[in-house]
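The entry under discussion is shown below.

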Amino acid sequence: MTLFLQNARIIDPEQDTETLGNLVIDAGMIAAIGLPNAPKGAQIIDCEGKCLAPGIVDLGVKIGEPGERHRESFRSAGQAAAAGGVTTVIARPDTLPAIDTPETLEFVTRRAAEASVRIHHMAALTKGREGREMTEISFLLDAGALAFSDGDRVVTDTKVLSRALTYARSLGALVVGHPQDPGLSKGAAVTSGKFASLLGLPGVHPMAERIGLDRDLGLIEMTGARYHADQITCARSLPALERAKKNGLDVTAGVSIHHLTLNELDVGDYRSFFKLSPPLRAEDDRVAVVEAVASGLIDILCSMHTPQDEESKRLPYEEAAAGAVALETFLPAAMRLYHSGALSLPALFRAMALNPAKRLGLPQGRMAVGAPADLVLFDPDAPFLLDRWTLKSKSKNTPFDGQRMEGRVLATFVGGRQVFALNKE
Amino acid sequence: MTFRARHLLGIQQLAPEEIRSVLDLADRYVDLNRRTVKRTDALAGMTQINMFFENSTRTQASFELAGKRLGADVMNMSVAQSSVKKGETLIDTAMTLNAMHPDLLVVRHGASGAVNLLASKVNCAVLNAGDGRHEHPTQALLDALTIRRAKGRIQRLTVAICGDIAHSRVARSNLILLGKMENRIRLVAPPTLMPSGVGEFGCEVFDDMRAGLEGADVVMMLRLQKERMDGGFIPSEREYYHRYGLDAEKLSHAKPDAIVMHPGPMNRGVEIDGELADDINRSVIQEQVEMGVAVRMACMDLLARNLRAERGAKAAGVMA
């Protein structure tokens with residue numbers, strides 16, 4: 001089937017351009033851009049001048065299968081992703097049990113078929129994510145693992161990690177690390193400082209992230225492995241990252257949308273929906289990290305979608321679980337960075353679609369003829385009030401509940417097929 | 001008399017005139033408590049439940065006595081006998097108790113913010129009797145009353161708070177209260193027991209105790225928890241006592257009429273010299289205990305007044 005999307009503001013992250021024009025989808029691919037008239041027999045969709053961009057490629061989404069399907073299933077995650085303009089999800093392996101064998105990977109791959117968007121998987125770097133023995137990296141690659149990660153658990157034994165990295169290097173596998181010094185961050189619920197002290201909550205110094213990053217970068221220099229730091233959230237981590245890139249290490253870095261749009265003060269009166277891992281940072285850090293995304297030092301923006309049920313959040317702050325759902329709020333929250341002038345739309349989609357796809361070797365993320373027609377149509381200016389109970393995610397733990405958002409997804413296409421359309425009431 | 005709060009969760013929420021109202025009323029309850037017949041009917045017919053998720057003999061006794069002297073029906077629920085041990089969550093416990101229509105809930109919990117969470121789920125007045133490292137408002141109020149009665153004022157004094165400030169809710173509440181009442185505050189502690197971001201608190205910070213006590217009107221000592229003494233935060237008990245234990249020599253750096261306070265229970269020979277703690281010319285530690293009952297009576301009385309007014313307004317609304 002051929003689709004003709006006319007009168008769209010086409011965002012091209014590769015060319016760094018925004019142009020008003022038409023786009024043809026044929027056989028699941030982008031067939032033409034800028035064609036003045038619809039090809040014969042094409043279904044015409046009028047975009048009314050709204051933005052059309054490559055669908056978001058979200059690296060590091062938690063889905064509760066296996067083990068915690070009450071929090072999120074592949075079906076519900078797929079619906080949430082479609083509603084949020086996320087066309088490719090790269091799921092995390094921190095499930096119960098962890099995805100650490102080809103068999104569990106085959107199970108989730110089969111289960112993922114019920115989702116309406118593309119789903120890929122990361123596998124654990126060590127068995128049971130326990131940091132003792134490496135997983136069958138080669139078998140897992142054959143079974144489709146895109147990257148290897150122990151989630152937010154740090155492999156504390158540097159010997160184990162260096163061997164896993166060396167082995168991964170020989171296979172060209174990408175290792176996703178969580179830079180955090182486990183000693184300093186033990187038991188922490190917030191970032192240390194005046195605010196943490198006034199609330200009486202145990203805090204972690206931002207230096208814990210830098211120390212973790214420095215250690216990982218040292219091992220990357222030693223082993224030559226391909227490495228991605230999942231979340232860089234502090235100003236003082238940035239020079240270390242810059243140096244590593246300058247020295248030619250195969251290193252990229254990411255950050256979650258929450259760390260770009262919220263800060264530690266949002267925790268306010270012990271609001272556990274704002275409890276994240278790593279914790280929200282000071283405003284200075286937030287600003288520095290936004291600038292690092294704009295300059296390209298931080299490559300990838302992700303949602304760090306982490307569904308938690310009500311019971312694990314309705315607890316005193318220290319005891320409450322960390323993490324927030326974000327698939328559906330990712331794009332509206334990112335629009336805050338656009339409206340504040342911090343990032344242009346092409347720059348945002350470079351970090352949300354093009355860079356993650358490139359890093360993982362996927363053909364998505366491009367607005368070019370011959371690229372898969374994974375697209376999101378959105379209105380960057382549409383205002384709405386977020387009600388968490390309207391989310392499609394099974395878990396409703398969003399920090400944006402009750403907040404004014406600007407920017408709405410109107411339609412989502414995966415391989416040329418429309419998987420979401422906003423109901424206009 | 002100004003006191004608008006529905007719950008007493010922390011000093012942070014109180015305005016200076018509200019603090020003054022509590023202290024003024026507490027002064028009157030001090031007089032009552034010194035009589036043979038110590039009862040009023042301010043809380044007659046009301047039910048007070050003391051929920052202590054952390055053990056505390058002293059504070060619980062003080063709240064129980066305060067409630068009984070005001071004529072309330074007081075029930076103590078200690079965690080050892082409760083269903084919390086059976087895995088019930090804090091909120092379920094609170095909702096269960098709430099269904100029994102208490103009027104005042106006095107709560108102590110080991111987690112910072114737990115009392116705020118609980119207060120958001122119940123429809124009675126909640127009093128924070130200490131939550132984690134966050135706040136212990138009645139302690140700060142009783143300390144303020146003790147200071148005001150000893151010094152004749154609670155402004156423009158130099159107060160040194162010494163000891164384990166990082167882990168102390170007493171220090172937090174006192175810091176906030178004394179700041180609101182415009183006092184000069186000094187924090188004295190080894191750097192490992194200083195909270196992070198202390199430089200932004202608007203206090204003077206000392207790791208030398210003698211320098212910190214120089215010219216102080218009030219010396220407030222804090223209890224050092226046993227579990228902090230094992231080399232984790234300080235090298236040893238004896239080294240701590242040598243550098244930060246209050247004795248006559250260190251106290252001589254403060255003003256000659258400086259008073260010595262301690263929230264109790266004391267570790268004699270760790271943070272304070274035993275003889276000094278008993279010196280009736282310097283130590284007001286026993287007065288603090290006495291003021292504790294009066295201050296808690298005042299707080300509960302004021303909260304009960306607001307509760308009645310609120311319910312009265314609601315009832316009137318229903319009628320109209």
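The buried residues of helix 1 of chain A are Phe74(A), Ser76(A), Ala77(A), Gly78(A), Ala80(A), Ala81(A), Ala82(A) and Ala83(A). The model is a predicted one.

**Helix 1 of chain A**

- Helix 1 covers residues 74-83 of chain A and is mostly covered, with 8 of its 10 residues buried.
- After helix 1 of chain A comes Gly85(A), which has a positive phi, near 80 degrees.

**Chain A as a whole**

- Chain A contains 13 helices and 18 strands.
- The radius of gyration of chain A is 21 Å, in agreement with the value near 22 Å that a compact globule of 425 residues would have.
- Taken along the principal axes, the C-alpha atoms of chain A fill a box of roughly 65 × 50 × 40 Å.
- Buried residues make up 61% of the 425 residues of chain A.
- Among the contacts in chain A with a separation of 6 or more, 75% are between residues 24 or more positions apart.
- Carbon and sulfur atoms hold 49% of the accessible surface of chain A, which comes to about 16000 Å².
- The side chains of chain A include 46 positive and 52 negative ones, and the centres of these two sets lie 1 Å apart.

**Chain B as a whole**

- Chain B has 11 helices and 9 strands.
- Its radius of gyration is 20 Å, close to the 20 Å given by the globule rule for 320 residues, so chain B is as compact as a globular protein of that length.
- The C-alpha trace of chain B spans about 65 × 45 × 40 Å along its principal axes.
- In chain B, 59% of the 320 residues count as buried.
- Residues 24 or more positions apart supply 73% of the contacts in chain B that have a separation of 6 or more.
- The accessible surface of chain B is about 13100 Å², and 50% of this belongs to carbon and sulfur atoms.
- Chain B carries 41 positive and 39 negative charges, whose mean positions are 4 Å apart.

**Interface between the chains**

- Contact between the chains involves 18 residues of chain A and 21 residues of chain B.
- About 1500 Å² is buried between chain A and chain B, with 58% of it on carbon and sulfur atoms.
- On the chain A side, the most area is lost to chain B by Lys194(A), Ser197(A) and Arg314(A), which together account for 34% of what that side buries.

- Ile49(B) belongs to strand 1 (residues 47-52) of chain B, and it counts as buried because its relative accessibility is 2%.
- Beyond four places in sequence, Ile49(B) touches Met75(B), Leu97(B), Pro102(B), Leu104(B), Leu105(B) and Val106(B).
- Leu105(B) is 56 residues from Ile49(B) along the chain, yet their C-alpha atoms are separated by 5.0 Å.
- Asp247(B) lies in the loop between helix 8 (237-244) and helix 9 (248-251) of chain B.
- With a relative accessibility of 19%, Asp247(B) falls under the 20% limit and therefore counts as buried.
- Beyond four places in sequence, Asp247(B) touches Tyr241(B), Asp273(B) and Leu276(B).

Technical notes:
Residues are numbered from 1 along each chain as its sequence is written. Chains are lettered from A and ligands numbered from 1 in the order in which they are written. This is a predicted model: local features need pLDDT of at least 70, side-chain atom pairs count only at pLDDT 80 or more; totals for chains, interfaces and linings use all residues. Side-chain values use heavy atoms; hydrogens and water are left out. Helices (H or I, at least four residues) and strands (E, at least two) are DSSP runs, numbered from the N terminus. The radius of gyration is taken over C-alpha atoms; the globule rule is 2.2 Å times the number of residues to the power 0.38. Buried means under 20% relative accessible area, exposed over 50%, partly exposed in between (1.4 Å probe, protein chains only). Contact means heavy atoms within 4.5 Å. Accessible areas come from the Shrake-Rupley method with a 1.4 Å probe; for residues, only the protein chains shown count as cover. Lys and Arg count as positive and Asp and Glu as negative; His and the chain ends are not counted. The place of a charge is taken as NZ of Lys, CZ of Arg, CG of Asp or CD of Glu. Buried area is the accessible area (1.4 Å probe) that two parts lose on being put together, summed over both.
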